[in-house]
Amino acid sequence: MNKIDFVLIYDALDANPNGDPDAGNMPRVDVESGHGLVTDVCLKRKIRNFVQLTRDGQPGCDIYVREKAILNNQNERAYQGIKKEAKNADQAVKDEARAWMCQNFFDIRAFGAVMTTDVNCGQVRGPVQLSFSRSVDPVFSAEYAVTRCAVTTVKEAENQKGDNRTMGRKYTIPYAVYTTRGCVNPFLAAQTGFNEGDWELLKESLVHLFDFDASAARPAGSMAVRKLIVFKHDSQLGNAPAHKLYDAVKIVRKEGIDAPRSIEDYDIIIDKAAIPAGVTVEEIDC
């Protein structure tokens, strides 16, 4: 593989893209600028979920960090696979177990993993990295009171004399466009076995990032990928620094739009003159 850089553009309408559990599940915000944030691990979770959902049982597409997983049990599978004992394993055996994990788990090949637990399979540095997502404009977090027509305990029902209502809060972003930046390191890809087929699966995951992720906080259609821009270099070292390629992508609010509520309120511009020879640009409109 050669070096790959990419920009993912998506929007949120009346949704909570990534609630902060330390702040009552309010949408994450840069406290200095007011721009909305979505963490990289949130995006990786959605990629893992998509692969697990659509490639379940296919060779090499298992997911290591999955819901309710016990990682030592996952690591033990490697030693069962190579028919070796984990206890007192020397470095050569650990390396063999590490290779088995890379071969069988998509998210380890892509994102890496620290597997130096009681059942030691070593450590993998992943070739695929994602940034935090950041909104194009500052966001406003809307807060709503909601009620539930049920209570949890008999005591609560008695205290309310049968009214049985519970108050709660719900937070949304009325509208925002987010961008995240990513890359594929070809040298690390060679170490983990991440190949062109894995890249195509990753692209598919990014395009369908929110299609099977609907919830009360993110109703169907409220989160949508709008564009994936891929910069493919013709060499492993790359033909341009990643930041110059990222800077060539501009998302500009259209004139006269004070309160954007649609992707149509923005222009997505790629400065093709800033893209050097040896870098091809693939635009995937979603």
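**Reading a predicted model: burial, backbone, cores and pockets**

Mentor: K227 is buried, with a relative accessible area of 8%; buried means under 20%, exposed over 50%, and partly exposed in between (1.4 Å probe, protein chains only). This is a predicted model, in which local features need pLDDT of at least 70 and side-chain atom pairs count only at pLDDT 80 or more, while totals for chains, interfaces and linings use all residues. Residues are numbered from 1 along each chain as its sequence is written, and side-chain values use heavy atoms, with hydrogens and water left out.

Trainee: In which strand is K227 found, and with which residues is K227 in contact?

Mentor: Strand β11 holds K227; strands (E, at least two residues) and helices (H or I, at least four) are DSSP runs numbered from the N terminus. Apart from neighbours within four places in sequence, K227 is in contact (heavy atoms within 4.5 Å) with V7, L8, I9, I268, E283, I284, D285 and C286. With E283, the side chain of K227 makes a side-chain polar contact at 3.1 Å.

Trainee: What is the phi of K68, and what is the phi of K83?

Mentor: Most residues other than glycine have a negative phi. Here K68 has a positive phi near 65 degrees, and K83 has a positive phi near 60 degrees. K68 is placed in the loop between α1 (40-54) and α2 (71-82), whereas K83 belongs to the loop between α2 and α3 (91-104). K68 counts as exposed because its relative accessibility is 83%. K83 counts as exposed too, at 73% relative accessibility.

Trainee: Which residues of the largest nonpolar core touch the most other members?

Mentor: In soluble globular proteins, nonpolar side chains tend to be buried together. A nonpolar core is a set of buried Ala, Val, Leu, Ile, Met, Phe, Trp, Tyr and Cys residues joined through side-chain atoms within 4.5 Å. In this structure the largest nonpolar core has 35 residues, and Y10, F106 and F194 touch the most other members. The elements giving two or more residues to this core are β1 (4-15), α1, α4 (106-111), β7 (128-130), β10, α7 (196-207) and β11 (223-233). Of these, β1 gives the most, with 6 residues. Leaving out residues up to four places away in sequence, F194 touches M1, F106, R109, A110, P127, V128, V184, A189, W199 and L202. A97, W100, C102 and V119 are included in a second, separate core of 18 residues.

Trainee: Which residues lie closest to the centre of the largest pocket?

Mentor: On a 1 Å grid over the protein atoms alone, a pocket is an open set of points with protein on both sides within 12 Å along at least five of seven lines, and lining residues have an atom within 4 Å of a point. Points are joined across faces, edges and corners, and a volume is the space filled by probe spheres set on them. The largest pocket holds about 270 Å³ of space. It is lined by 14 residues, of which T179, R181, Y246, V249 and I251 are the closest to its centre. The elements that give two or more residues to this lining are β8 (133-138), β10 (166-184), α8 (242-247) and β12 (249-253).

Trainee: What is the volume of the second largest pocket, and which element gives the most to its lining?

Mentor: The second largest pocket has a volume of about 230 Å³. Among its 16 lining residues, N18, G19, C42, K46 and R218 are the closest to its centre. Helix α1 gives the most to this lining, with 5 residues.

Definitions and conventions
On a 1 Å grid over the protein atoms alone, a cavity is a set of points where a 1.4 Å probe fits but cannot get out, and a pocket is an open set with protein on both sides within 12 Å along at least five of seven lines; lining residues have an atom within 4 Å of a point. A polar contact is a pair of N or O atoms within 3.5 Å; within protein, one must be able to donate a hydrogen and the other to accept it, and residues adjacent in sequence count only if both atoms are side-chain atoms.
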